[in-house]
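Q: Hi! Could you walk me through how the chains in this one touch each other?

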Amino acid sequence: MIELKNINKTFKVARRNSGFSEAAKSFFRRDYELIQALKDITFTIKEGEMVGYIGPNGAGKSSTIKIMSGILTQDSGECIVNGRIPWKERISHVSEIGVVFGQRSQLWWDVPVIDSFELIKDIYKIPPKTYRVNLDELISLLNIGEVIKTPARQLSLGQRTRCEIAASLLHNPKILFLDEPTIGLDAVSKIAVREFIKTTNQRHNTTVILTTHDMQDIEALTERIILIGKGQILLDGALTELKKRYSDKKTITVEYTGNKFTLDEGMTCLEQLKGHAKFVLDTNILSVSKAISEISRQVEVLDISISGATAEEMVVSLYEEYKI
Amino acid sequence: MRLYLKYLSIHLKSQMQYKTSFLLTLLGQFWSSFAMFLGIYFMFSRFQSVEGYTYSQVLLCFAIVLMAFSLAECLVRGFDTFSVIISNGEFDRIMVRPRNEMFQVLASKVELSRLGRLIQATIILLYALPSSGIVWTFPKILTLILMVFGGIAVFSGLFVVYASLCFFTIEGLEFINIFTDGGREFGRYPFSIYGNNVLKFFTFIVPLALFQYYPFLYLIGKVTNPLYMLTPILCFFFLLPCYFLWRLGVSHYKSTGS
Amino acid sequence: MKKYLSFFKIRFLNGLQYRTAAYAGVATQFAWGFMSLLMFSAFYKTKPEAFPMEFSQVSSYIWLQQAFLALYMVWFLETDIFLAISNGNIAYELCRPIDLYNMWYAKNLASRFSKAVLRCLPILLIAFFLPRPYGLSLPENTITLLAFLLSMSLGVLVVIGICMLIYIATFYTLSPMGVRIVAISFIDFFSGAVIPLPFLPDKTRIVLQLLPFASMQDIPFRVYCGHITGLDRVIGILLQLFWLVFLITLGKFFMKKALKKIVVQGG
């Protein structure tokens with residue numbers, strides 16, 4: 001469905017230092033800096049897959065999305081989406097993709113949302129029957145039946161995001177690009193949006209590519225993640241696989257009475273106060289049960305909790321591991 | 001076309017949400033072109049004629065230019081405000097929609113308050129048509145229509161040039177105003193009054209004189225050669241280089257993404 | 001005072017960044033002035049005796065107008081002030097220990113000044129070397145020059161005083177954009193930006209020259225080219241002074257009233 005091979009992209013950026021003389025100097029002459037935004041990006045995404053595309057700000061996420069949606073051309077390498085070269089056959093390409101730009105709206109600000117939908121119907125040349133069916137489905141799944149009669153400027157962010165997503169799906173796209181779809185939403189709306197994306201993927205076998213900083217999105221939606229940093233792909237694999245890699249590490253928090261206890265080999269201290277301790281246990285060295293019995297031998301345990309790595313922590317340690 | 005009407009109806013609905021603003025803008029547009037008219041009126045009450053052109057002839061010329069400009073502005077306003085579309089990222093949205101980019105930019109903005117100028121132009125034209133002393137035969141009427149359409153073509157082309165340059169930089173494009181706003185301001189008078197060099201410039205480089213000066217001579221009977229009547233047709237060729245510049249701009253955008 | 005100065009500096013630096021804009025501005029203004037002069041010259045050739053002033057004086061008038069466009073045109077308004085009023089961010093501005101009227105005034109002065117500094121020199125220089133009577137001539141004597149500098153400064157202050165009224169008017173209306181467009185197009189004509197005021201018929205001219213709009217650019221430019229001298233010059237400058245005081249008093253009064261309304265309504 002989507003195939004990227006050795007994609008490279010370089011940008012030219014103007015540079016200026018602060019200060020009065022620098023400002024005056026740049027008035028006459030400007031320095032440019034070449035920034036390699038993408039280095040040798042290669043990956044393949046199959047039909048119906050849901051992929052989380054993650055990385056810190058400025059890592060190259062949106063450049064990749066822009067190349068895949070045909071807005072940007074690469075310097076070198078090959079990008080084939082749906083059997084087409086996106087930038088070469090823009091119109092036929094984009095009629096089969098849907099894009100949600102997180103913070104930008106495609107709805108007309110001052111008219112009821114349904115009017116925007118009607119216009120999109122004509123822009124994408126959606127047959128009336130298909131439009132009816134899709135609209136009904138989207139209205140019931142996203143629960144926007146009442147909302148669409150209101151002008152977009154009067155909607156809450158959650159309502160608007162749901163309408164934005166609906167607007168991007170009216171034409172039955174085979175691929176959906178979601179750029180931070182849940183940014184700024186409250187917990188309830190976030191869950192509603194996630195549920196909906198999941199349902200769409202299952203019902204229509206839509207391929208979903210999701211960029212986000214919200215690890216709960218990733219955990220709830222995707223099976224595979226691609227990590228990008230400084231323009232390079234650092235990691236590409238199943239989320240469960242990755243979790244396994246980190247599953248041999250457990251975080252243990254203990255509340256106890258008595259004196260401080262000593263840590264055995266395989267336990268790395270995170271914090272130790274009187275009556276409270278938190279540490280990471282490497283289960284390859286010491287098993288969980290052995291660790292617990294060792295602690296309870298030394299002190300009176302009041303409460304103990306053991307947790308595996310969350311996606312959030314994994315990403316933090318990944319960022320640290322790759323120094324990005 | 002149907003899609004354009006759809007866009008138009010959405011624009012109408014949006015603008016009707018802000019009626020006061022709409023009316024005031026309309027009034028402002030009307031007044032600013034009325035001020036241009038006053039400029040002509042006061043100049044002629046002092047000088048009576050300029051280089052052999054009478055007051056009502058100049059008014060006719062002014063009305064035609066203003067009409068062409070305001071129609072072009074209504075139609076291709078999206079290109080005129082293109083720097084906004086580029087800088088707020090709206091062009092990305094245009095690129096992910098399965099329609100011609102130019103059409104989408106065209107349809108992205110239709111400001112009906114610009115009709116203020118058009119109303120002004122119509123009133124002046126209605127006054128100048130009979131008072132200019134021209135006998136309105138069929139060829140003269142045709143010339144008049146050609147002039148307006150040729151003018152729409154040239155002004156639209158200039159707006160497209162402006163928008164195309166926005167792909168490369170959004171700084172310093174105000175120099176295009178010399179030709180758009182300047183064309184409207186200085187096109188009040190037949191371009192010949194500015195001297196030969198200016199006339200040549202507006203004939204061969206930015207062909208404003210092709211719809212304004214030459215057919216105007218035919219209209220007021222200073223020349224009788226019917227070829228003069230057809231010069232506005234040449235204006236449409238001006239659209240070709242404008243279109244190529246636009247293509248160039250889009251491909252630049254695709255390679256830099258900003 | 002120091003805070004207004006640092007404010008000024010930031011604005012100024014900001015303006016310096018736009019180098020291409022400045023080049024383009026110079027080119028535009030130059031072409032515009034050139035075309036205007038050619039137009040006046042066509043009228044001059046047709047009927048020289050109807051000219052209300054020397055042709056060389058008109059040339060100077062036009063070149064000054066183009067060179068100092070950034071100082072005198074009402075439409076150089078600060079968009080962020082309009083935004084602050086319409087989206088309610090003005091509430092934050094009110095939290096700062098600073099008089100809002102003065103701050104906005106300084107802001108406008110700074111951005112007009114930074115724009116004008118970059119643009120006026122090349123235009124003045126080129127215009128100065130153009131052949132007579134199309135070029136910019138020097139003022140007759142030092143007194144004229146000094147009077148011009150005084151009158152010019154007063155003119156800029158009057159312009160900003162009028163702009164302040166436009167900003168303040170947006171507190172009271174639902175349509176800032178509309179007010180702006182109507183106000184700008186009216187003032188442009190009355191200030192002599194469309195055609196220099198001396199070209200208007202006598203009766204109209206006498207009325208317009210008493211209005212505050214003539215105090216913007218018309219008086220300073222006529223002082224420069226020697227169209228008004230002696231007692232008329234003194235009266236002109238006094239008139240400017242009067243309008244300046246009037247506009248600022250009016251502006252401060254309405255600003256106070258508008259802000260009170262905001263505080264009461266809570267934004």
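A: Happy to; here is a short chat about the two interfaces. This is a predicted model in which local features need pLDDT of at least 70 and side-chain atom pairs count only at pLDDT 80 or more, while totals for chains, interfaces and linings use all residues. Residues are numbered from 1 along each chain as its sequence is written, chains are lettered from A and ligands numbered from 1 in the order in which they are written, and side-chain values use heavy atoms, with hydrogens and water left out.

Q: Great. How many residues are in contact between chain C and chain B?
A: 41 residues of chain C meet 38 residues of chain B, where contact means heavy atoms within 4.5 Å.

Q: And what area is buried there?
A: About 3,400 Å², with carbon and sulfur atoms giving 75% of that. Buried area is the accessible area (1.4 Å probe) that two parts lose on being put together, summed over both.

Q: Which residues of chain C supply more of that than any other three?
A: W32(C), M35(C) and F43(C), which supply 20% of the area that chain C buries against chain B.

Q: What about salt bridges between chain C and chain B?
A: The count is one. E174(B) pairs with R119(C), their closest N and O atoms being 3.6 Å apart. The rule wants a side-chain nitrogen of Lys or Arg within 4 Å of a carboxyl oxygen of Asp or Glu.

Q: Which element gives the largest share of the side of chain C that touches chain B?
A: That's α2(C), with 18 residues. Helices (H or I, at least four residues) and strands (E, at least two) are DSSP runs, numbered from the N terminus.

Q: OK, switching over. What area do chain B and chain A bury between them?
A: About 2,900 Å², and 52% of it is on carbon and sulfur atoms. Here 28 residues of chain B are in contact with 32 residues of chain A.

Q: How many salt bridges does the rule find across that interface?
A: Six between chain B and chain A. One salt bridge joins the side chains of D122(A) and K6(B), at 3.1 Å from N to O.

Q: Which elements of chain B give two or more residues to the side that touches chain A?
A: α1 (2-16), α6 (90-95) and α14 (239-256) of chain B. Of these, α1(B) gives the most, with eight residues.
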